[in-house]
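Have the model open beside you as you read.

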Amino acid sequence: MRRSLSLTILMLLVLVAAGCAPPTPTEPPPEEAGYDLEGREVRIAVENAYPPFNYIDEETGEPAGWDYDACRAICEVINCTPVFVEAAWEGIFEATAAGEYDMVADGVTITPERDEIVDFSIPYMVIAQYIVVRIDETEIVDEASLIASDAIVGTQIGTTNEAKAIELVGEERVQSFDTFDLPIQALIAGDVDAVLMDEEAARGFVEQNPDAIKILDEPVTGAEELGFVFPPGSDLVEPVNYAIQVLQENGTLDALYQKYWGEE
């Protein structure tokens, strides 16, 4: 009887001690495990000439586009303040590597060559390159007919589109421009015969010029990934990666794609 009473007292003491012990630490919920940049200003380079990623709205005269909406959404997640800076495409990687910009948002394709100069976020979109021609074009109908022709291909200098155009038709048949609106203008004016560009951007230009240009059906590349650009070793890469994942999971990026391209 005494032994049974002693065991009972011992068990009660163990229970009391357990009740007084601090709770075992647990992993914080995903929504509490993020980043807080405390309102830090982030200088974001954009071209304002690459619709619908970034452009100047003709009706309002204000900059607009997917890049603006996506970067604002990112800053809402990690508590930063986006400061958009218009920048020329040519030399943008070197300028970013030198610290002139904190981040680049311009529909940039992730490539090993660029990754040697700057850092990239995780991919936020997967795209392919397409051929754009005038609405009444009948001879250039696919990649093979473009190669077989003597057509001049317009593109933007220093892009993966320029590299692909040179690969397809040779450097002597490629005319490169400083911004992507210029080859489209040249195409409409008859100064070039085709333009090579990423599908999402091509669709933006077609939406602006539906009676003048069209996109051919088949891509000329496989899938290519787009990412945001940062100076080497930037402390923004991880917070932005986290924000991209949050926006992917909560449907924000799908909603923005629907807004600018009309599909998920």
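**Cavities, a pocket and a helix pair**

In this predicted model, the structure holds two cavities of 30 Å³ or more. The largest cavity has a volume of about 80 Å³. Fourteen residues line it, and Tyr50, Trp89, Gly107, Thr159 and Asn161 are the closest to its centre. At least three lining residues come from each of domain 1 (41-126 + 225-261) and domain 2 (132-222).

Now turn to the second largest cavity, with about 40 Å³ of space. What classes of residue make up its lining? Nine residues are nonpolar, with no polar and no charged ones; among them are Val42, Ile44, Cys71 and Met103. Helix α2 (66-78) and strand β1 (40-46) each give two or more residues to this lining, and the largest share, four residues, comes from α2.

Next, find the largest pocket, which has a volume of about 520 Å³. Of its 20 lining residues, Pro51, Tyr55, Glu58, Gly204 and Gln208 lie nearest the centre. The elements that supply two or more lining residues are β2 (55-56), α7 (181-189), α8 and α10. By class, the lining of this pocket has nine nonpolar, five polar and six charged residues.

Two of those helices also pack together: α8 (residues 199-208) and α10 (residues 252-261) meet at an angle of about 40°, with their axes 10 Å apart. That angle makes α8 oblique to α10. Glu200, Arg203 and Glu207 of α8 make the contact with Tyr257, Tyr260 and Trp261 of α10.

Conventions: Residues are numbered from 1 along each chain as its sequence is written. This is a predicted model: local features need pLDDT of at least 70, side-chain atom pairs count only at pLDDT 80 or more; totals for chains, interfaces and linings use all residues. Side-chain values use heavy atoms; hydrogens and water are left out. Axes are lines fitted to C-alpha atoms, for helices over the stretch in contact, and angles run from 0 to 180 degrees between N-to-C directions. Angles under 35 degrees count as roughly parallel, over 145 as roughly antiparallel, 65 to 115 as roughly perpendicular and the rest as oblique. Contact means heavy atoms within 4.5 Å. On a 1 Å grid over the protein atoms alone, a cavity is a set of points where a 1.4 Å probe fits but cannot get out, and a pocket is an open set with protein on both sides within 12 Å along at least five of seven lines; lining residues have an atom within 4 Å of a point. Grid points are joined across faces, edges and corners, and a volume is the space filled by probe spheres set on the points. Ala, Val, Leu, Ile, Met, Phe, Trp, Tyr, Cys and Pro count as nonpolar, Asp, Glu, Lys and Arg as charged, and the others, Gly among them, as polar. Domain bounds come from an automatic or database domain assignment.
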